[in-house]
Amino acid sequence: MSTMTTTQTTTKVTAPAPAEPATSGILALPPHIARATATAGGAITVISAFLAWTWTSAFPGDLTVYGYPGGLQWLVLVSGALLTLFGLSSYGIKGLTWLTPQGADPAIRLAAYAALATAWFSMGAIATTLGGVVNLEPGAYVALAGTLIGWIGARSLPYERPETTPADPEDTGFGQFKHNLGNRWETYKGAFTTGTAAPAKTLPSYIEILIVAVVLALGLVVFTYGITTEYDELFIGFLITAGFGFAAIQKAGLIQRVSALTARHRNVTLVGAFAAAAAFPFTQSDDQYATIGVNILIFATVALGLNIVVGLAGLLDLGYVAFLGVGAYAAALVSGSPTSPFGIHLPFWQAILVGAVASMIFGVLIGAPTLRLRGDYLAIVTLGFGEIFRIAVLNLDGTSGPDVTNGSNGISSIPNLNLFGFDFGATHTIAGFTIGRFANYFFLMLLVTLIVVVVFRRSAESRIGRAWVAIREDETAAEAMGINGFRTKLIAFALGATLAGLAGAVQAHVTYTVTPEQYQFAHAVPPNSAFLLAAVVLGGMGTISGPLVGGALLFLIPAKLQFMSDYQLFAFGLALVLLMRFRPEGLIANRRQQLEFHEKDEAPATLTKAGA
């Protein structure tokens with residue numbers, strides 16, 4: 001009987017060493033060819049802007065001229081120029097390296113997207129309006145080819161791809177698909193990751209101030225161009241170019257350099273910014289766009305007041321537009337309107353004080369019993385206050401209640417202001433420039449905005465401002481450190497309401513009429529509480545320029561895109577969802593919030609179930 005012995009050999013499997021991060025681009029082009037392709041594509045795009053894109057002037061902008069851009073061609077020219085300059089800067093050409101202190105490749109990619117999106121949108125708009133691509137001239141095809149070449153070159157530039165974890169084999173099919181999709185998205189974002197900015201050269205103060213002045217002048221040019229766009233296609237193209245172009249400039253590191261200069265010269269920047277804004281009416285030949293300008297200032301100023309409550313103190317106020325309404329109604333009732341039951345006509349400086357004080361009193365009355373609440377409960381109470389105000393002024397019509405506000409008819413025929421003999425309702429000539437009614441109120445509202453900015457800045461940097469930030473971060477810890485939470489929050493509530501009342505007093509004279517429908521929680525036309533809160537979040541909570549920029553965008557876009565009137569709220573909601581997903585700190589965020597929101601991006605990868 002024989003015995004058979006079986007020997008079992010165990011082979012030790014060694015895990016492969018982690019691979020080096022891939023550095024190739026999306027498309028397989030050598031790096032030097034990819035860089036040259038992207039730069040050449042930008043140059044071709046610039047040349048295409050000087051060619052005719054269509055044979056007929058039926059499309060707005062007259063794109064039939066050779067040698068001179070018009071309409072959408074200017075936008076393609078700007079995006080192509082950015083792509084070319086960033087491409088040349090990547091070669092280290094002397095005199096151009098300052099354009100990309102954080103690296104050129106991410107800026108090149110975004111500039112290529114700007115050129116591609118603007119040009120292809122333009123050709124699509126021309127073909128749709130005129131009835132087919134047969135209406136395109138050779139210059140249009142040159143633009144399409146140039147932007148596509150630039151995009152291919154930009155996407156072929158090498159970059160270091162981030163490390164990703166494989167999908168968990170124990171997960172469901174959808175879970176694996178979602179994980180792999182997330183990996184692809186992280187890899188795609190890696191193409192836009194910037195490096196460390198090169199140290200800036202020390203410049204004399206007068207040169208730094210000159211740079212700040214040039215940047216403010218460019219800002220005035222961009223704002224004026226955007227607000228004066230004459231047709232929908234041009235404004236959409238402007239949004240595309242401005243969005244991608246701003247992102248490209250930011251990735252290049254220029255925004256950070258300018259921010260450092262403005263931080264060193266804050267007072268000069270503040271004065272220069274308001275001087276540039278004051279120059280806006282002088283760039284207009286009539287009062288058409290000054291109307292939009294003054295309403296943007298009103299909306300943005302109220303948003304900055306809300307930023308004290310939400311951005312600094314961390315109090316979620318969903319009825320803030322009611323304080324704007326209190327200031328407007330209070331000022332309208334004492335400004336000599338024939339429909340006012342009081343029959344009082346106070347000077348404007350007294351009327352604006354009445355509006356501010358009335359809003360402050362309402363802020364204290366509403367805040368005193370409710371500010372002991374936190375979070376969602378406080379939001380619900382403030383939302384109820386906003387609706388109570390609107391319903392109350394609607395019922396004070398002499399039928400449902402005392403005759404104070406004329407109900408749904410509101411306070412109408414509010415007279416124009418007359419300060420020191422200057423009639424705000426008349427047309428004036430200043431240095432050869434004709435200034436109309438809305439331009440007059442634009443200057444007045446600009447002065448009010450300056451007051452609000454100074455109050456916000458001084459408050460934020462004071463002891464009470466630091467107490468607001470402490471309460472926003474952790475109210476329990478702040479109270480444990482000796483901060484009176486209730487009193488501090490009440491001051492924020494009252495100050496925010498006062499600033500809204502100042503803007504409301506001016507709004508009453510600008511619009512001639514104050515009605516309850518102007519002060520709702522949500523409406524397709526700003527200002528309303530939802531849009532004001534969105535302006536603060538969109539621009540950047542806790543900053544000065546953030547709510548001003550957010551308010552300007554949220555008022556300007558609905559005003560220009562009238563054809564989207566039925567879909568404005570949908571587009572507004574979609575934009576907020578995308579913003580909260582990809583840039584929760586807002587367009588202009590302070591460094592602390594930026595680090596807080598993106599802290600997870602710097603954390604180590606989470607183990608999968610198999611790895612654990």
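The mean positions of the 32 positive and 34 negative charges of the chain sit 10 Å apart. Keep in mind that what you're looking at is a predicted model.

**Overall build**
- You'll find 21 helices and four strands in the chain.
- Taken along the principal axes, the C-alpha atoms fill a box of roughly 115 × 80 × 55 Å.
- If you look at contacts with a separation of 6 or more, 76% of those in the chain come from residues 24 or more positions apart.

**Surface and interior**
- The chain runs to 612 residues, and 43% of them count as buried.
- Its accessible surface comes to about 30,000 Å².
- Carbon and sulfur atoms account for 66% of that surface.

**A closer look at A497**
- A497 belongs to helix α17, which spans residues 485-511.
- Its relative accessible area is 0%, so A497 counts as buried, the cut-off being under 20%.
- Setting aside neighbours within four places in sequence, A497 has contacts with Y320, F323, S359, M360 and G363.

Notes:
Residues numbered from 1 in each chain as written. Predicted model: local features only at pLDDT ≥ 70, side-chain atom pairs only at ≥ 80, totals over all residues. Heavy atoms only, no water. Helix = DSSP H or I, 4+ residues; strand = E, 2+ residues; numbered from the N terminus. Buried < 20%, exposed > 50% of the residue type's maximum accessible area, 1.4 Å probe, protein only. Contact = heavy atoms within 4.5 Å. Areas by Shrake-Rupley, 256 points an atom, 1.4 Å probe, with all protein chains shown as cover. Lys, Arg positive; Asp, Glu negative; His and termini not counted. Charge placed at Lys NZ, Arg CZ, Asp CG, Glu CD.
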